[in-house]
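Q: Please take a close look at one part of this model: a ligand site and what surrounds it. Keep it brisk.
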Amino acid sequence: MTKDDVADVLDEIATLLELKGENAFRTNAYRNGARVVQGLSGDLKDLVASGQIRNTRGLGDTLVEKITTLVTTGALPYLDELRASIPAGLVEMLRLPGIGPKKVKALHESLQIDGIEKLKLACEAGEVAKLKGFGAKTQSKILEGIRYLDQIGKRVRIDLALPLGEALLKQVNSFPGVIRGELCGSLRRRRETVADLDILVSSADAAPIMDAFVKLPEVIQVLAQGPTKSSIVAAMHVRGEKVTMQADLRVVTDEQYPFAQHYFTGSKEHNIRMRQRAIDRGLTLNEYALSSEDKSRTVPCETEEDIFRALGLPYIEPELREDTGEIEAGETKKLPALVADNDIRGVFHNHTTYSDGTASLEEMALKCKELGLEYFGVGDHSQSLTIARGMPVNIVRKQWAEIDRVNEKLKGVRILKGIEVDILEDGSLDYTDELLAGFEYVVASVHTHFAMPEPEMTARVCKALAHPAVTMLGHATGRLLLRREGYKIDLDAVLKAAAQHGKMIEINAQPSRLDLDWKYVKRAKEMEIPIVINPDAHSPGELELYKFGVHVARRGWLTPADVFNTRGLKDVQKELARRKAL
Ligand code: DGT
Ligand code: CA
Ligand code: CA
Ligand code: ZN
């Protein structure tokens, strides 16, 4: 039992107690306990064995007793009893936005709803609207949430799927007899969410690899074990979050490898086009070979590149394989040379302790330097966003003075004076023009009034883009992947406004956002709108997240020239000054 495992159990107890209607004092004790356990230094087993755990702040006797049982026996009868006393469907209902334990309890007690299926029926019959504390608006929100859940299924964000995939691959690659191996599927294409992991390896002897695979420590369930393909469910903690995913492992011969690699990388749509291309040339392409129609002759290929060449194409990067024009562009030699992680020279939209970040200006700047970046652009929140400690005017001036002081002594990295200014309900900005003129650049974002009708939201954002002080638009739709859809907005109109006013648009690289979506990134490029990749970091550790934005940029066909922050410090300062003078 790791700390994360124990924390999960405590969190689950808290949730179950909430569903039972326990008082907040008790449930919070478990929630806090989970955080405390995660933050413990030292080995949990030792802390329990020595009794030191009793002296930990935030863990009362009851929790210490439960943790001790868990760590020493690996099980907790109390949890089993709790689970048995509550229908599993109730916990599932908590995934719906706007539905907390109180509402779940009310639905269960008055309408005997014990799961999402029944909840959907009750909403459709109009029964939920009649309940005290619900109403028609809540009912339609619930239905909308259920539809969204259906649509996302069990997908996992890339920042959580990637570490699990890499952990599995690393072990599989070290099995005796493995020649080469890779993560294929949507993960290799760097989609923002991934349904399952597709691991591919080559070897002359598949059976021992299959045996070893299903015994990996991350495996919690074996779904199927065959001679060349096995499917398992694996679980791992990634930054304190439990990630559970299906993983398929396929073993092929090394001759078959490039064909399987291409096939299982997908996308399906891209594969269909490639197969058709082979047919047009009197060949057949499948996951094992490229051969003549009657299969009497094969075209040997050692790499994917060879396959593309055999079909008259240059190598096509996995991120482009979505059948959105990559084959045509390959034919006409118009494939872009995609931007890469190491092209990024600095970042613009980040937070410090001046608003809701956890680190100082200097700490953030030094971390940027460590990452090889030349500038750290600060973009703390503006005054009206009080929940995120938005900065009153006097604090802005204080921050400017500190930036000047820190810049004096910093070497090899520079802090740029930016702001993430709120776009207010009417499309105006959250500071006076005079104050805004004091920043080196301005990121404008929507953080409030998400429920506006689409035409109003579009007008609101377009008005902000027309403001001379604005440099770039932050997180264009406000979406939170797998949690909430973005606000309703006509993005084509927004792109048009950005192009018209010469403004940049951000790819917010927070893995829960990845907003602007890659499909629109591609359109923005066609309209020659400069794109900026911003980590929106709230701590030094989050600065590196810009890499997830690079994936989106690559999926949107961007070259280094299309991305503003591939430019060096001098160039960036010059361009920002030029824009301000307009
Ligand atoms: P996911 O798992 O939903 O995030 O997305 P993928 O792309 O990883 O899809 P998955 O795991 O169902 O299949 C992996 C790849 O295998 C897929 O990208 C392309 C290939 N593939 C799967 N089914 C078909 C098919 O029916 N036809 C063709 N041509 N390729 C397929
Ligand atoms: Ca997959
Ligand atoms: Ca799969
Ligand atoms: Zn923001």
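How many nonpolar, polar and charged residues does the shell around ligand 1 have?

A: The shell has four nonpolar, six polar and five charged residues (Asp, Glu, Lys and Arg count as charged; Ala, Val, Leu, Ile, Met, Phe, Trp, Tyr, Cys and Pro as nonpolar; the others, Gly among them, as polar). The model is predicted: local features need pLDDT of at least 70, side-chain atom pairs 80 or more, while totals for chains, interfaces and linings use all residues. Residues count from 1 along each chain, chains are lettered from A and ligands numbered from 1 as written, and side-chain values use heavy atoms, without hydrogens or water.

Of the 15 residues around ligand 1, the nearest are Arg155, Ser186, Arg189, Ala195 and Asp196 (a heavy atom within 4 Å). Three of these five meet oxygen atoms of ligand 1. Arg155 brings a side-chain N or O atom to 2.8 Å. Ser186 places a polar side-chain atom 2.5 Å away. Ala195 uses a backbone N or O atom, at 2.9 Å.

Helix 14 (257-265) gives the largest share of the shell, three residues. Helix 12 (185-188), strand 4 (196-202) and helix 15 (268-280) each supply at least two (DSSP runs: helices H or I, at least four residues; strands E, at least two). Ligand 1 lies between domain 2 (154-252) and domain 3 (255-335), because both give residues to its shell; the bounds come from an automatic or database assignment.

The calcium ion (ligand 2) has Asp196 (O), Asp196 (OD) and Asp198 (OD) as protein donors, 2.2 to 2.6 Å away (N, O or S within 2.8 Å, 3.2 Å for Na, K and Ca; water is absent, so sites may look incomplete). Asp196 bridges this ion to the calcium ion (ligand 3), 3.8 Å apart from ligand 2.

Technical notes. A polar contact is a pair of N or O atoms within 3.5 Å; within protein, one must be able to donate a hydrogen and the other to accept it, and residues adjacent in sequence count only if both atoms are side-chain atoms.
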